[in-house]
Amino acid sequence: MKAAVVHDFQGPLEIEDVPKPTPGEGEVVVRIETAGLCHTDIHAAHGDWPVKPKLPLIPGHEGVGIVESLGSGVENLREGQRVAIPWLGYACGICEHCTSGWETLCESQRNTGYSIDGSYAEYVKASADYVVRVPDGIDPFEAAPLTCAGVTTYKAVKVSGTRSSDLVAVFGVGGLGHMAMQYARVAGASVVAVDLFDEKLQVAKELGAEFVVNARQQDPVSFIQELGGADSVIATAASARPLDQAFRALRRGGTLVLVGLPAENQMQLPIFETVLQGINVVGSIVGTRVDLAEVFELHRSGRTRVPYERRSLEQVNEAFADVEAGRATSRLVFGF
Ligand SMILES: [Zn+2]
Ligand SMILES: [Zn+2]
């Protein structure tokens, strides 16, 4: 089968013919229809993070496809069903985190496209318990970005505690931010979108942002503070300056939800202001299977839109370059 493979962290991905996987006990093999490109895939391919992925590696954790074969003991799925294969490829199911609704924090988790092979391939082997059914009526090209960008920002809005009278600022409105602002809108909030690119802000407007700020032309902090300050900020932008602005755009008692992962891994947190203004700073990582099922249900019922751009797997290196240069205005999705 065809796959895009990382052999070393310095080189490009290679399009190769690799053996098709066979399902073991409790596993399924899925024939991939679509695979979204998440920025994490680029970090994985470059070995950017302290915990390195396996090598060789097939990246990809926004895979959507059709169950082709079942291993022994699989009772929750049938051949021919459409499923999504998310970042949380496996968790133990019995630890304190797993049993309290926080399987995303399981210390025994395995991650698709990182510690196990992912969806930049014609077929993927996955744990049957951790794939999520994609309801009929959802376009697989739209289901792919929902599988990470969607569920990640849906969960971020959930942990922000957003209420219907809130003002939510979204810093960075690319693939993640476009979804974050829609979930804030679903929760009833008003949305300010902040970015450096007018094309992304234009899409944000079309998706329902009440206010947009190009931070190259206008100070987002004073703009948002003039509106009364943000009750919460969802920070998908991954560098020091927008994180600092995001913090200062909050109103008293506000919540900063960190989602994007900056390469430098640091931000300045002014302790005096954090304490006196009662600021909450929360990290949010992907979402559970239930969160993803909710994301699909919202989309099936027409509450969200997924802007995407179609690419072929052969264009994977160009696609990575486009995302790294900020040229991609929406999520890139490989079609098979
Ligand atoms: Zn992702
Ligand atoms: Zn666990």
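## Surface and overall form

Accessible areas come from the Shrake-Rupley method with a 1.4 Å probe, and for residues only the protein chains shown count as cover. By this method the protein has an accessible surface of about 14500 Å². Carbon and sulfur atoms hold 48% of that surface. The model is predicted: local features need pLDDT of at least 70, side-chain atom pairs count only at pLDDT 80 or more, and totals for chains, interfaces and linings use all residues. Residues are numbered from 1 along each chain as its sequence is written, chains are lettered from A and ligands numbered from 1 in the order in which they are written, and side-chain values use heavy atoms, with hydrogens and water left out.

The C-alpha atoms fill a box of roughly 60 × 40 × 35 Å along the principal axes. The radius of gyration is 20 Å, which agrees with the value near 20 Å for a compact globule of 336 residues. That radius is taken over C-alpha atoms, and the globule rule is 2.2 Å times the number of residues to the power 0.38. Buried residues make up 54% of the 336. Buried means under 20% relative accessible area, exposed means over 50%, and partly exposed lies in between (1.4 Å probe, protein chains only).

## Elements and contacts

The protein has 10 helices and 17 strands. Helices (H or I, at least four residues) and strands (E, at least two) are DSSP runs, numbered from the N terminus. A contact means heavy atoms within 4.5 Å. Among contacts between residues at least 6 apart in sequence, 69% join residues at least 24 apart.

## The zinc site

The zinc ion (ligand 1) has three protein donors: C38 (SG), H61 (NE2) and C148 (SG). Donors are N, O and S atoms within 2.8 Å of the metal (3.2 Å for Na, K and Ca); water is not among the atoms, so sites may look incomplete. The donor spacing in sequence is C-x22-H-x86-C. C38 sits in the loop between β3 (27-36) and α1 (39-46), while H61 sits in the loop between α1 and β4 (63-70), 23 residues apart.

C38 is buried, at 6% relative accessible area. H61 is buried too, at 1%.

## Strands around β4

β4 is mostly covered, with 6 of its 8 residues buried. Two strands pair if DSSP finds at least two bridges between them. β3 and β4 run antiparallel and share 7 bridges; V30 has V67 in β4 as its bridge partner. β4 also runs antiparallel to β5 (82-85), with 4 bridges. V64 stands opposite A84 in β5, and I66 is partnered by R82. β5 in turn pairs with β9 (132-133) in the antiparallel sense over 2 bridges. There V83 faces R133.

An open sheet of 6 strands runs in the order β12-β11-β10-β13-β14-β15, with parallel pairing. β12 (211-214) and β15 (280-283) stand at the edges with a single partner strand each, so one side of each has no neighbour in the sheet. On average, neighbouring strands are turned by 20° against each other, direction ignored. β11 (190-195) and β12 share 4 bridges, and D195 is partnered by N214 in β12.

Helix α7 (240-248) lies across β10, β13 and β14, at about 145° to β14. Axes are lines fitted to C-alpha atoms, for helices over the stretch in contact, and angles run from 0 to 180 degrees between N-to-C directions. P242, L243, Q245, A246 and F247 of α7 are buried. The buried residues of α7 pack against elements including α6 (220-226) and α8 (271-276).
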